[in-house]
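This briefing concerns a predicted model.

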Amino acid sequence: MDYRKATIKDLEELVRTRIIVLRAANKLDENADMSEVERQSRDYYKKALADGTHTAYLVYDNDRFIGAGGVSYYRVMPTYHNSRGEKAYIMNMYTAPDYRRKGIAFKTLDLLIQDAKERGITAISLEATDMGRPLYEKYGFVKMNDEMELSV
């Protein structure tokens, strides 16, 4: 397996894999219109890779794409427990179905977390699907009790 840290040269592959991940996570078929998400994802990656607010890994078996993962960095107001206010958010985790349960996602997650640690990040969060939850729990993530969200 080849774990490659993505660069701007991987822009189209990152966008392509983002759409694969979203289709899988949302159980969307090939007919679902993803053109706006694709356009916005391209814009996101261009900016975030340039300014260092996103790190992504692409995983290949020879030339076949088999997995991905990313971490976005952002800043909130400083708190007592996070005096710099810097946080990380794991996203876009994916492993091709026939490669699952082989440690690929765990290694990808580990690479992303190591990147965050090297930046001095002390708070990393994510949203877990039912399928992904055991992986994150195995790594040490715990369910948050106090966070809330409002969809507007």
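Which residues in α1 meet which residues in α2? On the α1 side they are Leu11, Glu12, Leu14, Val15, Arg18, Ile19 and Leu22, and on the α2 side Val37, Glu38, Ser41, Arg42, Tyr45, Lys46 and Leu49. The residues of this contact divide into 8 nonpolar, 1 polar and 5 charged.

**Helix packing**

- Helix α1, which spans residues 11–25, packs against helix α2, residues 35–51, at an angle of about 130 degrees, and their axes lie 9 Å apart.
- Because of that angle, α1 is oblique to α2, and the crossing of the two helices is right-handed.

**Nonpolar cores**

- The largest nonpolar core has 19 residues, of which Leu14, Tyr45, Leu58, Phe65, Ile66 and Ile104 touch the most other members.
- At least two residues of this core are supplied by each of α1, α2, β2 (54–61) and β3 (64–75).
- Leaving aside residues up to four places away in sequence, Leu14 touches Ala6, Thr7, Tyr45, Leu49, Ala56 and Leu58.

**A loop proline**

- Pro97 is located in the loop between β4 (86–95) and α3 (104–118), and it counts as exposed because its relative accessibility is 55%, where the cut-off for exposed is over 50%.
- Although Pro97 and Gly67 are 30 residues apart in sequence, they are 9.6 Å apart in space, C-alpha to C-alpha.

Definitions and conventions
Residues are numbered from 1 along each chain as its sequence is written. This is a predicted model: local features need pLDDT of at least 70, side-chain atom pairs count only at pLDDT 80 or more; totals for chains, interfaces and linings use all residues. Side-chain values use heavy atoms; hydrogens and water are left out. Axes are lines fitted to C-alpha atoms, for helices over the stretch in contact, and angles run from 0 to 180 degrees between N-to-C directions. Helices (H or I, at least four residues) and strands (E, at least two) are DSSP runs, numbered from the N terminus. Angles under 35 degrees count as roughly parallel, over 145 as roughly antiparallel, 65 to 115 as roughly perpendicular and the rest as oblique. A crossing is left-handed if the near helix is turned anticlockwise from the far one by less than a right angle, and right-handed if clockwise. Contact means heavy atoms within 4.5 Å. Ala, Val, Leu, Ile, Met, Phe, Trp, Tyr, Cys and Pro count as nonpolar, Asp, Glu, Lys and Arg as charged, and the others, Gly among them, as polar. A nonpolar core is a set of buried Ala, Val, Leu, Ile, Met, Phe, Trp, Tyr and Cys residues joined through side-chain atoms within 4.5 Å. Buried means under 20% relative accessible area, exposed over 50%, partly exposed in between (1.4 Å probe, protein chains only).
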